[in-house]
Amino acid sequence: GSSSVGIGAAIAINVPILKNEAYIGANADIHAGGLVVEALMTNVDEDTKQEFGAEATSGASGKSVGIAGSLALGILDAESSAVIKSGADVTITGGGNVRLTAENTTVNTVIAKPANAGAAAGSVGVGASVALNIANTSTVAALADTAVLTGAKDLTLSATSDNSVITTAKAGGAATGGSGVGIGGAIAISVVSNDTHTTLGSGGLQTVTGNLNATSTHVGSTT
């Protein structure tokens with residue numbers, strides 16, 4: 001027959017690290033008709049979002065006692081940067097344009113849940129789920145301190161990010177006996193930090209004859 005005590009546990013951990021860099025190196029000496037530095041997201045069928053997830057599902061049953069627990073942990077670190085680094089000397093000949101573009105689009109999903117009723121038993125059923133979602137993103141387009149840029153017509157810096165965090169915890173505990181006890185608990189925690197910026201550093205000569213545009217745009221959601 002079935003045992004008096006049933007115990008089930010599930011753990012899912014996902015720690016993705018995304019680093020997307022395009023740069024002119026420190027102390028580089030560049031002469032060009034124009035310059036494009038881009039750190040973009042890969043486009044797959046018109047979809048540029050990078051999706052990550054962790055999901056844990058647990059269940060248990062026993063004649064007397066059932067205990068089930070689910071733990072799902074996701075830690076995302078996503079960086080995208082387009083930079084002319086410190087000490088670089090960039091000379092644009094013929095009045096060409098300079099463009100620095102960084103994109104960062106992510107979805108991080110963490111789910112902890114029971115299977116069916118979770119923990120089910122005749123006398124006591126206890127089910128618990130914990131979902132912890134930690135997401136850190138950085139999106140930067142910049143001329144670093146002491147970087148030199150001369151001779152450009154238009155200078156455009158653009159940093160764009162779209163970062164979503166989805167955290168779900170569900171729990172179930174059931175007692176099938178007439179006087180039994182069912183206990184369920186769920187905790188969902190999201191810790192999110194998004195940094196999106198464009199920067200013109202100090203200490204270096206930067207001259208343009210046309211337009212200067214520096215734009216930072218962030219959208220996202222935490223649910």
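The mean positions of the 8 positive and 16 negative charges of this protein lie 12 Å apart. In that count Lys and Arg are positive, Asp and Glu are negative, and His and the chain ends are left out. Each charge is placed at NZ of Lys, CZ of Arg, CG of Asp or CD of Glu.

Before I go on, this is a predicted model: local features need pLDDT of at least 70, side-chain atom pairs count only at pLDDT 80 or more, and totals for chains, interfaces and linings use all residues. Residues are numbered from 1 along each chain as its sequence is written, and side-chain values use heavy atoms, with hydrogens and water left out.

Now the overall fold. There are 15 strands and zero helices; both are DSSP runs numbered from the N terminus, helices being H or I of at least four residues and strands E of at least two. The radius of gyration is 26 Å, well over the 17 Å that the globule rule gives for 223 residues, so the protein is more spread out than a compact globule. That radius is taken over C-alpha atoms, and the rule is 2.2 Å times the number of residues to the power 0.38. Along the principal axes, the C-alpha trace spans about 85 × 30 × 25 Å.

Next, contacts and surface. A contact means heavy atoms within 4.5 Å. Among contacts between residues at least 6 apart in sequence, 84% join residues at least 24 apart. The protein exposes about 10600 Å², and carbon and sulfur atoms supply 51% of that. Areas come from the Shrake-Rupley method with a 1.4 Å probe; for residues, only the protein chains shown count as cover. Of the 223 residues, 38% count as buried, where buried means under 20% relative accessible area, exposed over 50%, and partly exposed in between, with a 1.4 Å probe and protein chains only.

Which residues touch the most other members of the largest nonpolar core? They are Leu35, Ile84, Val98 and Leu100, in a core of 21 residues. Such a core is a set of buried Ala, Val, Leu, Ile, Met, Phe, Trp, Tyr and Cys residues joined through side-chain atoms within 4.5 Å. Several strands each supply at least two of its residues, including strand 6 (65-84), strand 8 (98-121) and strand 9 (124-143). Leaving aside neighbours within four places in sequence, Ile84 is in contact with Ile24, Leu35, Val90, Leu100, Ala142, Leu143, Ala144 and Ala147. Apart from this core lies another, of nine residues, among them Ala10, Ala12, Ala56 and Ala131.

Ser81 also sits in strand 6. Is Ser81 buried or exposed? Its relative accessible area is 8%, so Ser81 is buried. Not counting residues up to four places away, Ser81 touches Asn20, Glu21, Ala22, Ala39, Ala102 and Val140.

Asn136, in strand 9, is partly exposed at 32%. With the same exclusion of residues up to four places away, Asn136 touches Leu76, Asp77, Ala78 and Ser193. Asn136 and Ala26 are 110 residues apart along the chain, and their C-alpha atoms are separated by 26 Å.

Last, backbone angles. Most residues other than glycine have a negative phi. Asp45 has a phi near 55°, a positive value, and Glu46 has a positive phi of about 70°. Asp45 lies in the loop between strand 4 and strand 5 (50-62), and Glu46 has its place in the loop between strand 4 and strand 5. Asp45 counts as exposed at 74% relative accessibility, and Glu46 counts as exposed at 73%.
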